Amino acid sequence: MTTSRSSITEAEINELISKLHALLPEARRRGTHRASAAKLLKETCSYIKSLHREVDDLSDRLSYLISSMDVTTSQAEIIRSLLR
Amino acid sequence: MASVPSSSSSSSPSQPKTRKKPGQNSSPPPPPQTKWQTGTQERLYSRRLVDALRATRDRTQVQESVGSRAVKEAADSALALTARGQSRWSRAILFGRNSCRRKLLVKAGGKIRRHRRKQHGAPPVAAAAAEPGVLKEQKVKERLRKLGRLVPGCRKLPAATLLEEAADYVAALELQVRTMRALAEALSAATVSAPEEEETEAVDPIAIAEQGS
């Protein structure tokens with residue numbers, strides 16, 4: 001596994017890159033292995049950013065919903081969530 | 001969501017790994033796709049999320065409303081907890097919240113420095129020695145740096161570790177989004193209709209609330 005001074009080989013890097021590639025939504029649509037490392041990293045960055053934005057939007061929505069809940073609603077919500 | 005997701009949870013997601021050893025374990029960890037997609041993880045996280053949100057609501061003053069940033073922080077902390085401290089980003093989130101940051105940072109091996117702006121020499125200098133060919137390109141290095149900024153606690157990691165952390169983080173974020181959206185749908189349905197109804201339609205809570213009140 002160790003080659004000269006590096007503790008990571010090219011094969012391992014490629015494997016990690018393809019693992020990351022498999023997680024991206026675009027890979028699921030196309031299912032190809034054609035992405036280069038740079039393109040893949042760029043897509044990963046933008047995907048993470050879009051996920052962050054979604055989390056922010058959902059946080060906004062949840063904060064509104066929680067603030068407008070009353071006691072009986074909250075009990076029903078908890079039961080429902082635990083049944084998921 | 002009336003039906004429980006019947007996913008193939010053949011792999012045991014909750015292996016009792018010690019937190020004191022952030023290095024390699026004898027058996028390889030499950031890939032992030034399966035690890036964060038098991039029904040167990042979803043249920044774990046949704047329960048943690050509900051608890052965290054309830055705690056946040058109890059902490060809020062009577063006149064104030066629960067802030068969106070508090071919700072996000074609660075969701076992130078719950079997500080990091082569900083990761084069981086096995087990944088750097090989760091440890092970085094949890095330790096960043098704690099007031100005694102220094103003590104815990106030293107305990108974690110000193111590798112997580114979220115709030116120290118010490119910029120050492122250009123990271124490529126240390127990493128350029130004996131590396132696979134693709135990592136020597138300038139574009140790739142720039143993008144790796146950008147990725148390191150996005151994942152919490154991963155600013156100065158070597159490329160391989162950073163890629164692993166990023167894969168785990170992406171899968172965890174997807175779980176977070178799924179769970180929060182499902183919770184928001186459940187809450188919308190609960191706020192506007194009678195509690196007996198189980199259907200979760202995609203309604204706009206603000207519009208319905210205006211009609212209902």
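Predicted model: local features only at pLDDT ≥ 70, side-chain atom pairs only at ≥ 80, totals over all residues.

What percentage of the 84 residues in chain A do buried residues make up? From there, please go on to helix H3 of chain A and the helices of chain B that meet H3(A).

Reply: Buried residues account for 45% of the 84 residues in chain A. Chain A has four helices and zero strands, so that its elements, read from the N terminus, run α-α-α-α. Its accessible surface comes to about 4600 Å², and 55% of that area belongs to carbon and sulfur atoms.

Nine helices and zero strands are found in chain B, and from the N terminus on its elements run α-α-α-α-α-α-α-α-α. Of the 213 residues in chain B, 39% are buried. Chain B exposes about 12400 Å², with carbon and sulfur atoms supplying 51%. Among the contacts in chain B with a separation of 6 or more, 55% come from residues 24 or more positions apart.

The part in question can now be examined. Two packed helices are described by the angle between their axes and the distance between the axes.

Consider H3(A) with helix H7 of chain B. H3(A) covers residues 37-67, and H7(B) covers residues 138-150. Their axes come within 9 Å and cross at roughly 20°. An angle under 35 degrees counts as roughly parallel, and therefore H3(A) and H7(B) are roughly parallel to each other. The crossing of this pair is left-handed. On the side of H3(A), the residues in contact include Ala37(A), Leu41(A), Thr44(A), Cys45(A), Ile48(A) and His52(A). On the side of H7(B), they include Val140(B), Arg143(B), Leu144(B), Leu147(B) and Leu150(B). Sorted by class, this contact has nine nonpolar, two polar and six charged residues.

The pairing of H3(A) with helix H3 of chain B, residues 68-82, has another geometry: the axes come within 8 Å and cross at roughly 115°. This crossing is right-handed. Here Val55(A), Asp56(A), Ser59(A), Asp60(A), Leu62(A) and Ser63(A) meet Ser68(B), Val71(B) and Lys72(B). By class, the contact of H3(A) with H3(B) has three nonpolar, three polar and three charged residues.

Val170(B) lies in helix H8 of chain B, which covers residues 159-192. With a relative accessible area of 0%, Val170(B) is buried, because buried means under 20%. Apart from its neighbours within four places in sequence, Val170(B) is in contact with Leu23(A), Thr44(A), Tyr47(A), Ile48(A) and Leu51(A). Thr44(A) and Ile48(A) also take part in the contact of H3(A) with H7(B). Within chain B, the C-alpha atoms of Val170(B) and Val151(B) are separated by 9.0 Å, and these residues are 19 residues apart along the chain.

Gln176(B) is likewise in helix H8 of chain B. Its relative accessible area is 0%, and Gln176(B) is therefore buried. When residues up to four places away in sequence are not counted, Gln176(B) touches Val55(A) together with Tyr45(B), Ala75(B), Asp76(B) and Leu79(B). Val55(A) is also one of the residues of H3(A) that meet H3(B).

Key. Residues numbered from 1 in each chain as written. Chains lettered and ligands numbered in written order. Heavy atoms only, no water. Helix = DSSP H or I, 4+ residues; strand = E, 2+ residues; numbered from the N terminus. Buried < 20%, exposed > 50% of the residue type's maximum accessible area, 1.4 Å probe, protein only. Contact = heavy atoms within 4.5 Å. Areas by Shrake-Rupley, 256 points an atom, 1.4 Å probe, with all protein chains shown as cover. Axes fitted to C-alpha atoms, helices over the stretch in contact; angles between N-to-C directions. Left-handed = near helix turned anticlockwise from the far one by under 90°. Nonpolar A, V, L, I, M, F, W, Y, C, P; charged D, E, K, R; others polar. Parallel < 35°, antiparallel > 145°, perpendicular 65-115°, else oblique.
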